[in-house]
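Visitor: May we go through this model together, beginning with the way its chains meet?

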Amino acid sequence: MGLERISDRLIIALLAFACLFFIAFISFPIAAVFLNLDLDMLILQLRNPQVLSALTVSIVTASFATLISFIFGIPTAYLLATRRFPGRSIVDTILDIPIVLPPAVAGIALLLAFAPRGILGPTLKEFGIILPGSTIAVVLAQIFVASPFLIRSAKAAFEDVDRNLVNSAKILSSSRLRVFLTITLPLSSHGLLAGTIMTWARSMGEFGATLMFAGNLPGVTQTMPLAIYMLMAEDPMASNVLSAILIVVSFGVLALFKILGRKRYGARL
Amino acid sequence: MIELKTIKKRFSDKEVLKNVTLQVQKNELLSIVGPSGCGKTTMLNIISGLCSPDEGEIYIDKILVDGKKGRKKIHVNPSDRGIGYVFQNYSLFPHMRVDENISYGLKAKHLPRHEIKKKINSLLDFIALRDYAQYYPHELSGGQQQRVALARALAIDPTLLLLDEPLSALDPKTRESLRTDFKNLLETLEVTSIYVTHDLAEACTISDRIAVMGEGVVEQIGNRDEILEKPNSKFVANFLGLNVYDGKIVQAASGPAKVKIGNIEIFTTVIGKGDGEKIILTIKPEDIILSTEPLIRNPKWYGCVCNNLTGKVSDIVKMKSSAKVLVDVGFPIESELTLSSLKDLCIDKGKNVYVQFKADSLNVSQG
Ligand SMILES: Nc1ncnc2c1ncn2[C@@H]1O[C@H](COP(=O)(O)OP(=O)(O)OP(=O)(O)O)[C@@H](O)[C@H]1O
Ligand SMILES: [Mg+2]
């Protein structure tokens with residue numbers, strides 16, 4: 001009995017230690033970013049054109065990438081969640097590939113497909129499109145890497161909608177669109193929003209594929225993660241400030257995600 | 001009026017509906033009872049058009065809604081069948097208020113706003129929830145939610161109302177009171193209804209006509225007394241909780257008929273069947289009296305042909321107001337008696353008792 005108690009406590013202590021190790025290991029470096037920072041410097045760096053342009057490029061490209069992922073991702077997710085068709089699991093797997101693919105590989109793959117010397121390069125060139133070195137390439141790299149998060153999350157959200165509710169609505173209303181807009185969409189909105197936010201956050205953080213496919217042109221393809229890397233040596237302060245901004249953004253996203261995770265219906269006034 | 005003709009449905013390799021043929025007259029209320037998984041919900045889904053039958057035809061008010069017209073396959077959309085469907089678990093839209101739930105089908109019909117408003121109010125009165133229009137489903141009790149689900153289904157003035165175990169998710173007391181509510185509400189409506197339940201008692205309160213379903217087939221359909229008194233198959237008898245036996249006629253003519261269950265001979269009032277013929281015998285547990293004395297003491301039974309067997313009590317199950325006693329008389333037989341009779345009898349597991357029943361309480365059907 002006594003021995004059991006002691007071993008129980010020992011186990012709890014070990015578990016707590018393991019947990020504390022991770023908390024310290026994660027929060028210490030993050031804190032370090034802020035400890036290196038003071039307000040004057042922050043204000044100064046926010047006038048630094050390279051910092052500003054990286055911030056702008058990042059926000060614009062991540063937002064476009066998210067928008068396009070949303071437009072194509074939601075119907076894809078809906079299809080996968082509600083229909084059974086031959087090859088469905090293959091489609092499902094293909095859509096998951098970017099999640100496990102190393103970003104550097106994604107970059108090479110995009111180059112081999114769309115760069116001027118790539119497979120589709122000559123065709124694109126005929127239309128006057130040269131992707132590498134353009135902002136569009138940044139967006140494409142982000143879509144490639146981040147859209148699976150939206151599809152995953154939206155698919156789960158659609159699958160979570162009670163079939164009986166949709167069926168009840170189908171009996172009462174002949175318009176499929178109306179059923180989708182008034183039942184399926186509102187009931188899955190939390191999951192869709194969470195997926196959208198995740199995709200945006202992932203796009204903001206994209207580094208490897210962007211660097212390889214789009215390149216590192218300040219003001220055109222240089223996003224925040226790229227700027228952080230490039231400025232590390234020549235302007236460590238700028239790099240530090242950009243990191244702090246990205247951390248704040250990430251925390252905001254995480255908080256939103258957690259709040260949306262607790263879904264609730266109909267709070268009456 | 002609704003008519004199902006030889007409906008078949010399979011899911012992958014499971015035949016869920018084997019051959020269902022069924023007719024419900026105009027403004028009639030039919031209950032369907034059957035054990036869990038026998039295909040009741042599937043049948044309603046097929047009638048409503050949410051699911052297509054593999055074979056067979058469905059007519060609603062003589063109009064073909066599922067089946068084949070010449071070479072063409074017909075499948076009328078769920079919303080065009082004039083059906084109200086109350087699902088097994090309420091299925092109210094959780095993000096809409098009570099009034100929005102009720103008006104969902106009305107808005108699809110593009111009725112003028114004041115008419116919708118009028119309709120909502122009359123339905124809220126009908127289900128006695130006038131003050132709850134602005135509530136969300138999660139703010140209502142289970143019984144209230146179920147009434148809203150009924151109102152939502154009725155809002156579109158359906159010609160056919162489908163109710164899938166509408167009360168099964170409620171506690172027994174609410175269920176009982178809502179059962180009478182539902183019955184009264186449904187009686188005031190002029191609508192053909194199919195009421196699915198797995199509870200025989202509920203089916204008996206709700207409606208006169210009952211269909212008993214077994215694995216994918218309608219085993220028997222008829223009014224309450226027909227089914228309770230004359231079950232036409234072993235399945236139905238078992239479902240009713242009767243004692244069911246395979247027997248053989250020993251002596252059909254001259255005096256009381258004699259039949260054999262296993263090696264035990266008993267009297268019955270079977271007529272017009274040949275010696276040696278195989279039959280199915282059923283008897284209600286409440287028609288069987290247990291006694292510690294060999295004498296038949298029930299004065300009403302004087303002059304009747306009675307069976308008097310002896311056996312050993314093998315199990316006693318006490319319920320709220322009655323008890324079931326299982327006795328082995330050469331075959332197992334179940335008797336249901338009141339708790340006070342059980343007390344008077346002073347019997348226990350392993351004790352010997354006399355098992356007495358009238359010859360004419362045995363129901364005999366073709367084997
Ligand atoms: N969409 C489906 N796909 C595969 N099998 C199904 C599907 N729907 C129902 N079934 C199967 O069909 C059988 C009958 O199901 P159904 O829901 O009709 O039973 P039920 O009589 O309504 O039962 P309960 O009283 O438990 O509601 C079950 O064995 C079930 O597993
Ligand atoms: Mg069911």
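Guide: The interface comes before the surface in what follows. The model is predicted, so local features need pLDDT of at least 70 and side-chain atom pairs count only at pLDDT 80 or more, while totals for chains, interfaces and linings use all residues. Residues are numbered from 1 along each chain as its sequence is written, chains are lettered from A in the order in which they are written, and side-chain values use heavy atoms, without hydrogens and water.

Visitor: How many residues of chain B are in contact with chain A?
Guide: 25 residues of chain B are in contact with 20 residues of chain A (heavy atoms within 4.5 Å).

Visitor: And what area is buried between chain B and chain A?
Guide: About 2,000 Å², with carbon and sulfur atoms giving 66%; buried area is the accessible area (1.4 Å probe) that two parts lose on being put together, summed over both. S79(B), H95(B) and Y104(B) supply 28% of the area that chain B buries against chain A, more than any other three residues.

Visitor: How many residue pairs are in polar contact there?
Guide: Four, both residues at pLDDT 80 or more (a pair of N or O atoms within 3.5 Å; within protein, one must be able to donate a hydrogen and the other to accept it, and residues adjacent in sequence count only if both atoms are side-chain atoms).

Visitor: Changing topic: where does F70(A) lie?
Guide: F70(A) lies in helix 3 (residues 49–82) of chain A; helices are DSSP runs of H or I, at least four residues, numbered from the N terminus. F70(A) is partly exposed, at 34% relative accessible area (between 20% and 50%, 1.4 Å probe, protein chains only).

Methods
Helices (H or I, at least four residues) and strands (E, at least two) are DSSP runs, numbered from the N terminus.
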